[in-house]
Amino acid sequence: MAARVTRRIPIKYRFNEKIDRLGICIVLNFNFYAPTRIVFGKETQHEAGALLKPIAGKVLLHYGGGSVKKSGLYEQIAASLKKSGVAFAELGGVKPNPRLALVKEGIALCRHENVDLILAVGGGSVIDSAKAIAMGVFHDGDVWDIYEQRLPVKKALPVATVLTIPAAGSEMSGASVVTNEEKQMKLGYAADPLRPVLSVVNPELFSTLPKNQIANGVADMMSHIFERYFTNTTAVELTDELCEATLRVIMKNALIVVNDPSNYQAWCEIGFGGTIAHNDLLGVGRAQDWACHGMEHELSAIYDVPHGAGLAVLTPNWMEYVYNENPPMFAQFAVNVMGTRGSYREMDSVIREGIARLREFFRKMGLPATLSELGIGDSKLELMAKKATKVEYGIEERPLGGLRKLKWQDVLEIYKMAE
Ligand code: NZQ
Ligand code: ZN
């Protein structure tokens with residue numbers, strides 16, 4: 001009888017020996033920098049003014065399309081700033097997949113008003129827009145050049161956040177992702193000065209989220225862990241386990257909040273899970289992947305789909321396409337995260353069962369499973385694959401991914417699998 005794979009049997013030790021002998025990737029040196037103060041818990045939004053008073057004279061209050069007004073959060077933050085004597089200008093109207101045009105408006109406003117800190121009240125889109133403004137204020141040319149040409153950024157206005165949706169992890173990350181609507185491009189950029197100095201996270205604020213936004217957020221934070229977890233780097237036991245535990249806790253509590261958005265305890269688990277999913281603690285010492293994000297940004301850039309929904313569609317297909325590159329890694333995921341049981345001698349079926357369970361989890365969350373559910377047809381798949389790998393721009397191809405390098409033909413194949 002074949003040996004059974006149980007959750008506690010560390011598959012990686014049995015199979016990664018081969019990888020070690022070939023000399024591939026032992027734990028990498030790293031430099032971990034996470035300077036954000038996280039103020040977490042009930043009613044914490046009322047502390048915003050007092051927390052900012054010592055570090056800001058005039059603040060730009062930046063927010064989205066209306067949820068903060070509807071929930072009363074805008075009034076609470078404005079009252080907190082006034083109470084502490086923090087002056088502020090304001091700029092609302094950030095759209096999901098934040099647009100460059102509003103960023104430029106924000107830069108002009110900050111310069112005109114002599115703002116010295118940007119307070120983003122919202123989700124990833126608002127925070128990323130704030131970060132773009134923060135670095136744009138000190139940049140002489142077009143802020144888009146920083147994203148497109150990867151210009152170094154040494155200085156930016158400090159950014160603080162009051163988080164309203166756990167998802168992007170931007171409240172503690174050094175990244176900003178912005179859409180250039182004219183060029184139909186969505187690009188990310190990361191630099192240490194963009195890491196927020198302060199993020200206020202009150203999970204009570206998440207209770208007003210509609211189900212689709214809850215699901216999108218969960219898919220995104222899970223993807224942030226996947227992008228770090230799936231690696232050819234070996235001897236990274238601690239971060240393996242941190243990734244696996246964080247994924248399990250997020251999934252368990254996601255199924256609770258999607259049915260009961262008033263469950264504060266479950267939101268606390270997801271709220272902090274989303275933050276550590278992307279502050280890079282879980283990725284230190286590991287070669288990271290990021291192919292799914294690269295592929296998804298092309299969907300958002302052209303079709304304006306929610307980032308998390310796009311990731312939910314692409315990720316299981318990516319897993320199916322690449323798992324032969326490192327089957328033990330995917331078997332470990334199937335067993336330790338998805339609770340799959342099976343035989344070591346049938347690793348393929350263990351892995352496929354793990355991926356099937358992930359699809360089932362996304363389905364239970366109400367997430368889409370195909371590009372067509374996102375309203376994406378086949379007419380631009382090749383264009384998106386070429387944009388994602390840069391060949392569309394007439395420059396040398398930049399394959400996506402770390403675990404397996406994906407050329408544009410591979411990306412196209414994954415898009416087709418997801419149709
Ligand atoms: O605009 P409002 O009216 O506020 O509505 C928002 C928006 O429509 C709504 N919402 C937010 N909080 C709410 C709420 N509705 C009710 N109650 C609340 N408490 O949710 C919608 C989505 O908001 P958005 O900020 O777009 O969501 P998310 O946090 O998922 O951010 C997505 C963006 O982050 C980028 C994505 O590419 C995307 O553009 N990312 C940023 C990263 C980073 N900076 O590190 C990493 C990620 O991988 C990601 O790429
Ligand atoms: Zn993401």
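Biologist: In this predicted model, is valine 249 buried, partly exposed or exposed?
Modeller: Valine 249 belongs to helix α9, which covers residues 237–259. Its relative accessibility is 34%. Buried requires a value under 20% and exposed a value over 50%, so valine 249 counts as partly exposed.

Biologist: What distance separates the C-alpha atoms of valine 249 and alanine 266?
Modeller: Valine 249 is placed in helix α9. Along the chain, valine 249 and alanine 266 are 17 residues apart. Between their C-alpha atoms the separation is 9.3 Å.

Biologist: How far apart in space are threonine 234 and arginine 286, C-alpha to C-alpha?
Modeller: Threonine 234 is found in the loop between α8 and α9. With a relative accessibility of 4%, threonine 234 counts as buried. In sequence, threonine 234 and arginine 286 are 52 residues apart. In space, their C-alpha atoms are apart by 8.1 Å.

Biologist: Are histidine 293 and histidine 307 buried or exposed?
Modeller: The relative accessible area of histidine 293 is 7%. For histidine 307 the relative accessibility is 15%. Buried means under 20%, so histidine 293 and histidine 307 are buried.

Biologist: How many residues surround ligand 1?
Modeller: The closest residues are Ser67, Gly124, Ser125, Lys186 and His224. Helix α6 (124–136), strand β7 (175–180), helix α8 (211–229) and helix α11 each supply at least two residues of the shell. The number of residues that surround ligand 1 is 33.

Biologist: What percentage of the area of ligand 1 does the protein bury?
Modeller: Polar side-chain atoms of asparagine 97 and serine 173 lie 3.5 Å and 2.7 Å, respectively, from an oxygen atom of ligand 1. In the side chain of histidine 278, an N or O atom is 2.9 Å from an oxygen atom of ligand 1. Taken alone, ligand 1 exposes 960 Å², and the share of that area buried by the protein is 88%.

Biologist: Is the aromatic pair of tryptophan 318 and phenylalanine 330 stacked, edge-to-face or tilted?
Modeller: A search of the whole structure returns 14 aromatic pairs. In the pair of tryptophan 318 and phenylalanine 330, the centres are 5.9 Å apart and the planes make an angle of 55 degrees. Planes under 30 degrees apart count as stacked and those over 60 as edge-to-face, so this pair of tryptophan 318 and phenylalanine 330 is tilted.

Biologist: Which helices does the pair of tryptophan 318 and phenylalanine 330 link?
Modeller: The two residues are 12 residues apart. Tryptophan 318 is buried at 2% relative accessibility, and phenylalanine 330 is buried at 1%. Ring pairs also link both residues into a cluster with Phe226, Tyr229, Phe230 and Phe333. Tryptophan 318 and phenylalanine 330 lie, respectively, in helix α12 (residues 307–322) and helix α13 (residues 327–336).

Biologist: Over the ring of which residue does the charged end of lysine 42 sit?
Modeller: A charge sits over a ring if, among other conditions, NZ of Lys is within 6 Å of the ring centre. The charged end of lysine 42 is 4.6 Å from the centre of the ring in question. That ring belongs to tyrosine 264.

Biologist: What is the phi of arginine 150?
Modeller: Most residues other than glycine have a negative phi. Arginine 150 lies in the loop between α7 (143–149) and β6 (159–163), and at 47% relative accessibility this arginine 150 counts as partly exposed. Although arginine 150 is not a glycine, its phi is positive, at about 55 degrees.

Methods: Residues numbered from 1 in each chain as written. Chains lettered and ligands numbered in written order. Predicted model: local features only at pLDDT ≥ 70, side-chain atom pairs only at ≥ 80, totals over all residues. Heavy atoms only, no water. Phe/Tyr/Trp six-rings, centres within 6.5 Å; stacked < 30°, edge-to-face > 60°. Helix = DSSP H or I, 4+ residues; strand = E, 2+ residues; numbered from the N terminus. Buried < 20%, exposed > 50% of the residue type's maximum accessible area, 1.4 Å probe, protein only. Lys NZ or Arg CZ within 6 Å of the ring centre and 35° of its normal. Near = heavy atom within 4 Å. Polar contact = N/O pair within 3.5 Å; in protein donor to acceptor, adjacent residues only side chain to side chain. Areas by Shrake-Rupley, 256 points an atom, 1.4 Å probe, with all protein chains shown as cover.
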